[in-house]
Amino acid sequence: YRSDRLPALMRVWILSVTGLAVAVALYETAQVLGWRSPVSDLTVSALLVAALVAVFLFVFLGTRRPRRVDSFIPATAAEPPAG
């Protein structure tokens, strides 16, 4: 794994996608039963895509490790010049 948090983050992704799929199924069922959505289907689709992108970014950024920079600054470099 790139991150020790990967299994937990993947559960977030799986639960989010599953939750959105259930929400879409309920939305479609409600429309079949006669409910009229106050917003257009395009707006609902845009919200779903935005939610998926947000969860993806959360998981993606959560699996990144900060780059390790090993720099050595000698103690003499921090001292002001004599004179």
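Which backbone oxygen does the side chain of Ser-37 reach at 2.9 Å? Select Ser-37 and find out. The side chain of Ser-37 reaches the backbone oxygen of Val-39.

**Before you go on**

This is a predicted model, where local features need pLDDT of at least 70, side-chain atom pairs count only at pLDDT 80 or more, and totals for chains, interfaces and linings use all residues. Residues are numbered from 1 along each chain as its sequence is written, and side-chain values use heavy atoms, with hydrogens and water left out.

**Stop 1: the whole chain**

Show the chain as a cartoon. It has two helices and zero strands. Both kinds of element are DSSP runs numbered from the N terminus: helices are H or I with at least four residues, strands are E with at least two. Buried residues make up 12% of the 83 residues. Buried means under 20% relative accessible area, exposed means over 50%, and partly exposed lies in between (1.4 Å probe, protein chains only). Now think about contacts, meaning heavy atoms within 4.5 Å. Among those between residues at least 6 apart in sequence, 77% join residues at least 24 apart.

**Stop 2: the loop**

Go back to Ser-37. Ser-37 sits in the loop between helix 1 and helix 2. The side chains of Ser-37 and Tyr-27 make a polar contact at 3.5 Å. (That is a pair of N or O atoms within 3.5 Å; within protein, one must be able to donate a hydrogen and the other to accept it, and residues adjacent in sequence count only if both atoms are side-chain atoms.) Ser-37 and Tyr-27 are 10 residues apart in sequence and 8.6 Å apart in space, C-alpha to C-alpha.

**Stop 3: the rings**

The structure holds three aromatic pairs. Rings of Phe, Tyr and Trp (its six-membered ring) pair if their centres lie within 6.5 Å; planes under 30 degrees apart are stacked, over 60 edge-to-face, the rest tilted.

Select Trp-13 and Phe-56. This pair is edge-to-face, 6.4 Å centre to centre, with 75° between the planes. The pair links distant parts of the chain: Trp-13 is in helix 1 (residues 6-32), Phe-56 is in helix 2 (residues 41-62), and they are 43 residues apart. Trp-13 is partly exposed at 27% relative accessible area. Phe-56 is also partly exposed, at 44%.

Next, select Tyr-27 and Trp-35. They too form an edge-to-face pair, 5.9 Å centre to centre, with 80° between the planes. Is Tyr-27 buried or exposed? At 15% relative accessibility, Tyr-27 counts as buried. Trp-35 is partly exposed, at 43%.

**Last stop: the surface**

Select Val-49, which is in helix 2.
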